[in-house]
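Here is a short briefing on one protein model. Please look through the sequence and the structure before reading the notes.

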Amino acid sequence: MILKNFLPKPCFEEYVQFYRIVHFNFEGIKQQPVKHYAPRPEHCLAFYPYDKEIINYNNSKQVNVMPALLSGQQLSISKRSIVGNKFLSFQIIFKPAGLYRLTGIPSYELTNEFVDADLIFPGEVNRVNEELCETTDYGVMITIVEQFMHRITAKKIKEPHHLDKIGEFIFSDKNITIDQLAQSSFLCTKQYQRKFKERIGITPKLFERAARFEKSIYLKLKNPDASWEEIAFTCNYTNYQHMVIDYKDFTGITPTAYYLLDKQSPEKIMGIAEESYRIDKIGSL
């Protein structure tokens with residue numbers, strides 16, 4: 001079993017943040033645990049060569065996962081349950097605007113959506129899944145997916161823009177205003193906001209909130225004895241109540257309630273360290 005992130009080759013770094021491999025075997029477990037997946041500032045292409053997931057989100061929508069699923073920026077918690085015992089998900093986590101550059105699809109069209117990846121990359125999905133099924137070596141899996149990346153980057157549709165780097169900069173701890181970011185992108189504020197939404201899917205302010213919210217989750221998981229007030233201060237929230245607003249908006253529950261819910265996730269029950277999910281813990285095979 002594994003839940004780990006891996007760096008891409010340098011030639012893919014302008015598109016990909018990292019690869020995430022999630023591999024669980026639920027044989028002998030009477031009831032598979034459910035994963036409550038909080039919003040993260042990311043676009044993802046996930047391959048499912050074995051058993052699939054059912055995803056419930058936005059309180060009413062349900063997705064019966066296809067062999068490969070493309071997801072845009074999500075802004076609400078989703079509930080994911082696995083159908084079967086043998087589960088492998090190989091995920092490509094794109095950099096801000098990376099998916100837009102490869103497909104040309106305005107990212108706002110994918111916000112809060114899950115799309116059959118075969119519609120976007122016809123002929124590729126089954127090929128990748130068939131190859132993934134033939135190996136249990138994670139290094140070989142990465143090679144298979146990077147061969148796929150070679151094929152699709154050769155057909156990239158959109159050129160890079162100064163704004164793409166700014167999307168990454170929002171992940172940093174530096175305090176900077178939207179006007180300052182707009183100046184760095186060589187656009188006026190209105191143009192900056194419009195182009196940001198086209199390339200990344202949501203407004204700069206909302207993307208910044210999602211990045212800060214994600215950081216608060218992992219700081220608490222990494223430092224369970226830290227108070228929520230300390231977490232809020234470290235993540236540049238005005239105060240604890242300010243952080244609660246984000247948790248209510250993104251998950252519908254309080255920080256403590258989400259923390260307790262997450263402790264019931266598959267990786268916790270199976271003893272896989274949550275730190276392996278952190279971007280700063282990415283390692284190569």
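The notes below cover cores, strands, one histidine and aromatic pairs.

This is a predicted model: local features need pLDDT of at least 70, side-chain atom pairs count only at pLDDT 80 or more, and totals for chains, interfaces and linings use all residues. Residues are numbered from 1 along each chain as its sequence is written, and side-chain values use heavy atoms, with hydrogens and water left out. Helices (H or I, at least four residues) and strands (E, at least two) are DSSP runs, numbered from the N terminus.

**Nonpolar cores**

- A nonpolar core is a set of buried Ala, Val, Leu, Ile, Met, Phe, Trp, Tyr and Cys residues joined through side-chain atoms within 4.5 Å.
- Buried means under 20% relative accessible area, exposed over 50%, and partly exposed in between (1.4 Å probe, protein chains only).
- The largest nonpolar core holds 34 residues. Tyr 19, Leu 45, Ile 92, Phe 148 and Met 149 have the most contacts inside it.
- Elements giving two or more residues to this core include strand E1 (2-6), strand E2 (16-25), strand E9 (86-94) and helix H3 (138-153).
- H3 supplies the largest share of this core, eight residues.
- Met 149 touches Phe 12, Tyr 15, Val 16, Tyr 19, Ile 92 and Leu 102 (heavy atoms within 4.5 Å), not counting residues up to four places away in sequence.
- A second, separate core has 32 residues, among them Tyr 192, Phe 207, Ala 210 and Tyr 258.

**Strands and sheet**

- Two strands pair if DSSP finds at least two bridges between them.
- Four of the five residues of E1 are buried, so E1 is largely enclosed by the rest of the structure.
- E1 and E2 run antiparallel and are joined by five bridges. Leu 3 stands opposite Val 22 in E2.
- An open sheet of four strands has the order E3-E8-E5-E6, with antiparallel pairing.
- Its edge strands are E3 (35-37) and E6 (61-64), and each pairs on one side only.
- Neighbouring strands of this sheet are turned by 25 degrees against each other on average, direction ignored. Axes are lines fitted to C-alpha atoms, for helices over the stretch in contact, and angles run from 0 to 180 degrees between N-to-C directions.
- Four bridges connect E5 (residues 52-57) with E6, and the two run antiparallel. Ile 54 has Asn 64 in E6 as its bridge partner.

**His 43**

- His 43 sits in strand E4.
- Its relative accessibility is 5%, so His 43 counts as buried.
- A polar atom of the His 43 side chain lies 3.1 Å from the backbone oxygen of Ile 200.
- Residues that His 43 touches include Ser 71, Ile 92, Phe 94, Leu 99, Arg 199 and Ile 200, not counting residues up to four places away in sequence.

**Aromatic pairs**

- Rings of Phe, Tyr and Trp (its six-membered ring) pair if their centres lie within 6.5 Å; planes under 30 degrees apart count as stacked, over 60 as edge-to-face and the rest as tilted.
- The whole structure has 11 aromatic pairs.
- The rings of Tyr 57 and Phe 114 have centres 4.9 Å apart and planes at 75 degrees, so this pair is edge-to-face.
- This pair links distant parts of the chain: Tyr 57 in strand E5 and Phe 114 in strand E10 (residues 114-116), 57 residues apart. Both Tyr 57 and Phe 114 are buried.
- Trp 228 and Tyr 259 have ring centres 6.5 Å apart and planes at 85 degrees, so they too are edge-to-face.
- Trp 228 lies in helix H8 (residues 228-234) and Tyr 259 in helix H10 (residues 255-262). Both Trp 228 and Tyr 259 are buried.
- Ring pairs link Phe 213, Trp 228, Tyr 247, Phe 250 and Tyr 259 into a cluster.

Note on methods
A polar contact is a pair of N or O atoms within 3.5 Å; within protein, one must be able to donate a hydrogen and the other to accept it, and residues adjacent in sequence count only if both atoms are side-chain atoms.
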